[in-house]
Amino acid sequence: MIDLQMIRDARSRIGGHISSTPTEPSSSLSELFQVPIILKHEHRQKTGSFKLRGATNAILQLSDAEKAAGVIAVSTGNHGRALAHAARAVGSKATICMSELVPQNKVAEIRRLGADVRIIGQSQDEALHEVERLVTQDNLVELPPFDHPHIIAGQGTIGLEIIEAFPNVETVLVPVSGGGLAAGIAVAVKSLHPNAKIIGVSMERGAAMKASFTAGKPTQVEEFRSFADALGGGIGLDNKLTFRLCQQLLHDVILLTEEEIAAGIRHAYLEEREVLEGSGAVGIAALLSGKVGHLSGPIAVILSGRNIAMDLHRQILNGKIDPNHEAF
Ligand SMILES: *Cc1c(COP(=O)(O)O)cnc(C)c1O
């Protein structure tokens, strides 16, 4: 499975290719909640999200023949951008399949990196069928967004950086969709600090991991538009790794409304001077919502991405957006 050594190896492998992002106390949040709060500024990662860690760790382990064949993935946008960047860096080519729910600004960035972009249907599942078809037809190598040991180990390197900077961390708030980020961080942090609590955060509109916990097995959910667009999509009915790992290692998964996510984006900008996309702001949003309950600190909050369309960001700051928006 995934262990601490795999994550340490991932760290040496990807070290020269990614940024070690700042891990810093937030005085405003620490004061507000009267407990030490640490922000992991992973939205400042190259490509604007943590996804570059896993994608780079996976690409660097391909054979020359696999790199020459090209890589393919389904994505809600950020994995596609990371994979396109990492593929280009090693002279490979990426094909990225996405649904129509993926915001235009994300699609444009992936095209700009030279990837072959396919937009298919209204859900991740439909886009995934296109991946499967192209893998068979063109012999491409699939590197999925979360359910793959090299992806999970790459994302887990964030956990190592947190524990090195703050060895006494008690709680980590992590955005959860497919669970690659949460599983990797949980393995790293709990291997070094078994009593730490890892708490997942997701949106109410289509939280596949939470629905799967409740059902006791990977479960499909309907997909909706959300400010946390990067948290959409299923975990895969044939999920091999992340469901089990998250079920074992996460203390809880908290679900947020669209209003609460918007409040997190606003707080990050106005109090922390940070631009975050909805998915990157759910940790802060969870604290502000009061749904986290009493937690022992220090609490680390993962700011996972910043790839929001700036006109949407402006509308959210101005409070003009209807949470049932269709407008982006
Ligand atoms: C992909 C993504 C997540 C969720 O990661 P999973 O590994 O799918 O759980 C959270 N935030 C951002 C910004 C993402 O791009």
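The model is predicted: local features need pLDDT of at least 70, side-chain atom pairs count only at pLDDT 80 or more, and totals for chains, interfaces and linings use all residues. Residues are numbered from 1 along each chain as its sequence is written, and side-chain values use heavy atoms, with hydrogens and water left out. The chain is divided into domain 1 (4-49 + 148-317) and domain 2 (52-142), with bounds that come from an automatic or database domain assignment.

**Domains**

- The centres of domain 1 and domain 2, taken over C-alpha atoms, are separated by 22 Å.
- Their contact takes 34 residues from domain 1 and 23 residues from domain 2, where contact means heavy atoms within 4.5 Å.

**Cavities**

- Rolling a probe the size of a water molecule over the atoms shows where empty space is left.
- On a 1 Å grid over the protein atoms alone, a cavity is a set of points where a 1.4 Å probe fits but cannot get out, and lining residues have an atom within 4 Å of a point.
- Grid points are joined across faces, edges and corners, and a volume is the space filled by probe spheres set on the points.
- By this rule there are 3 cavities of 30 Å³ or more.
- The largest cavity has a volume of about 250 Å³. Its lining consists of 25 residues, of which Phe 50, Lys 51, Ser 177, Gly 178 and Ala 230 lie nearest its centre.
- The elements that give two or more residues to the lining of the largest cavity are α5 (78-89), α9 (180-192) and α13 (278-289). Helices (H or I, at least four residues) and strands (E, at least two) are DSSP runs, numbered from the N terminus.
- The lining of the largest cavity comprises 8 nonpolar, 15 polar and 2 charged residues. Here Ala, Val, Leu, Ile, Met, Phe, Trp, Tyr, Cys and Pro count as nonpolar, Asp, Glu, Lys and Arg as charged, and the others, Gly among them, as polar.
- Because domain 1 and domain 2 both give residues to this lining, the largest cavity lies between them.
- The second largest cavity holds about 130 Å³ of space. Of the 15 residues that line the second largest cavity, Leu 101, Val 102, Glu 223, Phe 224 and Asp 229 lie nearest its centre.
- The lining of the second largest cavity has 6 nonpolar, 6 polar and 3 charged residues. The second largest cavity also receives lining residues from both domain 1 and domain 2, so it lies between them.

**Largest pocket**

- A pocket is an open set of points with protein on both sides within 12 Å along at least five of seven lines.
- The largest pocket has a volume of about 540 Å³. It is lined by 20 residues, and the closest to its centre are Leu 128, Ile 235, Gly 236, Leu 237 and Asp 238.
- Helix α7 (residues 124-138) gives the most to the lining of the largest pocket, with 5 residues.
- This lining has 7 nonpolar, 7 polar and 6 charged residues, and it draws at least three residues from each of domain 1 and domain 2.

**Helix packing**

- Axes are lines fitted to C-alpha atoms, for helices over the stretch in contact, and angles run from 0 to 180 degrees between N-to-C directions.
- Helix α12 (residues 258-272) packs with α13 at an angle of about 100 degrees, and their axes are 7 Å apart. That makes α12 roughly perpendicular to α13, a term for angles of 65 to 115 degrees.
- In this contact, residues of α12 including Ile 261, Ile 265 and His 267 meet residues of α13 including Val 282, Ile 284 and Leu 288. The residues of the contact of α12 with α13 divide into 9 nonpolar, 4 polar and 1 charged.
- Helix α10 (residues 208-215) and helix α11 (residues 242-249) pack at an angle of about 75 degrees, with axes 11 Å apart. They are therefore roughly perpendicular to each other.
- Met 209, Ser 212 and Phe 213 in α10 meet Thr 242, Phe 243, Cys 246 and Gln 247 in α11. The contact of α10 with α11 has 4 nonpolar, 3 polar and no charged residues.

**Backbone features**

- Gly 297 and Pro 298 are joined by a cis peptide bond, with omega about -5 degrees. Pro 298 is in the loop between α13 and β10 (299-303).
- Gln 34, a residue other than glycine, has a positive phi near 55 degrees. Gln 34 is in the loop between α2 (27-33) and β2 (37-41).

Technical notes: Angles under 35 degrees count as roughly parallel, over 145 as roughly antiparallel, 65 to 115 as roughly perpendicular and the rest as oblique.
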